[in-house]
Amino acid sequence: MFDHLLVPVDGSDLSNKAMHAGLALARRLGARVTGFIVEPFAPPPASIGEGYAYGRITKTHDEAVRAHADEVLGRFERLAAQAQVPFQRVSVQANNIEDAIVDAAARHQCDLIVMVTHGRGVFGELMWGSHTKNLMSRTKLPVLVLH
C-alpha cells in the first residue's frame, strides 16, 4: 500500500506528534520514513548599508538553521531506530515550504506525506495562510493530516 512516508517536521511539539504517528504507521505498514525539515534562508538586509554585514549575518543564520535541523532530525532518527523503522534524514533551505515538501516527496519517491497542521482557525488562516492547505493543492500524493 504505502512503502515510503515523507514526514515534514519543524521541531515544534506538534511535529513531535507527526514523528511518533509517522513511525507508528510506517512500522505497521513495513514502510520506511524520510524525516524532512525546511529551514528558511536568512532575511534580506533591511537597508543597502547592511550589505557588508549581511555576509556575516547569513553565515551565522545558516549555521543556526543547520544546527536546528540536525537536532530535530537527530531526535527523529533516534525514535526511528527505537521503532526499528528504516529512516533517512533530509534538510533543505527554501523560501516556499510547500514546494520544498512536494519536491522532496518526488525526489525521494515517497508515496504518502504525513504532517501536522497548527489549526490556526479561520482568522489565523486569513492572516498567515495554511501550509497544509497549500501543500494539498500542490501535490497528487495522499496526505495524512494530524491535528
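Q: Which residue just after H1 takes a positive phi?
A: Gly 30 does, with a phi of about 70°. Keep in mind that this is a predicted model.

Q: And H1 itself, how many residues has it, and what does it span?
A: H1 has 17 residues, and from its first C-alpha to its last it reaches 25 Å. That is close to the 24 Å expected at 1.5 Å a residue.

Q: Which residues of H1 are buried?
A: Ser 15, Ala 18, Met 19, Gly 22, Leu 23 and Ala 26.

Q: Where do they sit around the axis of H1?
A: On the same side of H1, because they cover an arc of only 120° around the axis.

Q: What about the face turned away from that side?
A: That face carries Asp 13 and Arg 28, which are exposed.

Q: New topic. How many residues are in the largest nonpolar core?
A: There are 24. The ones with the most contacts inside it are Leu 5, Val 7, Val 9, Leu 23, Val 33 and Phe 76.

Q: Which helices and strands supply at least two residues each?
A: Strands E1 (4-8), E2 (32-39) and E4 (112-116), and helices H1 (13-29) and H2 (51-83). H2 gives the most, with seven residues.

Q: Back to Val 7. What is it in contact with, neighbours within four places in sequence aside?
A: Its contacts include Ala 18, Met 19 and Gly 22, along with Val 33, Phe 76 and Val 114.

Q: What other core lies apart from the largest one?
A: One of 14 residues, among them Val 38, Ile 113, Met 115 and Val 143.

Definitions and conventions:
Residues are numbered from 1 along each chain as its sequence is written. This is a predicted model: local features need pLDDT of at least 70, side-chain atom pairs count only at pLDDT 80 or more; totals for chains, interfaces and linings use all residues. Side-chain values use heavy atoms; hydrogens and water are left out. A nonpolar core is a set of buried Ala, Val, Leu, Ile, Met, Phe, Trp, Tyr and Cys residues joined through side-chain atoms within 4.5 Å. Buried means under 20% relative accessible area, exposed over 50%, partly exposed in between (1.4 Å probe, protein chains only). Helices (H or I, at least four residues) and strands (E, at least two) are DSSP runs, numbered from the N terminus. Contact means heavy atoms within 4.5 Å. The expected span of a helix is 1.5 Å times one less than its number of residues. The arc is that of the directions from the helix axis to the C-beta atoms.
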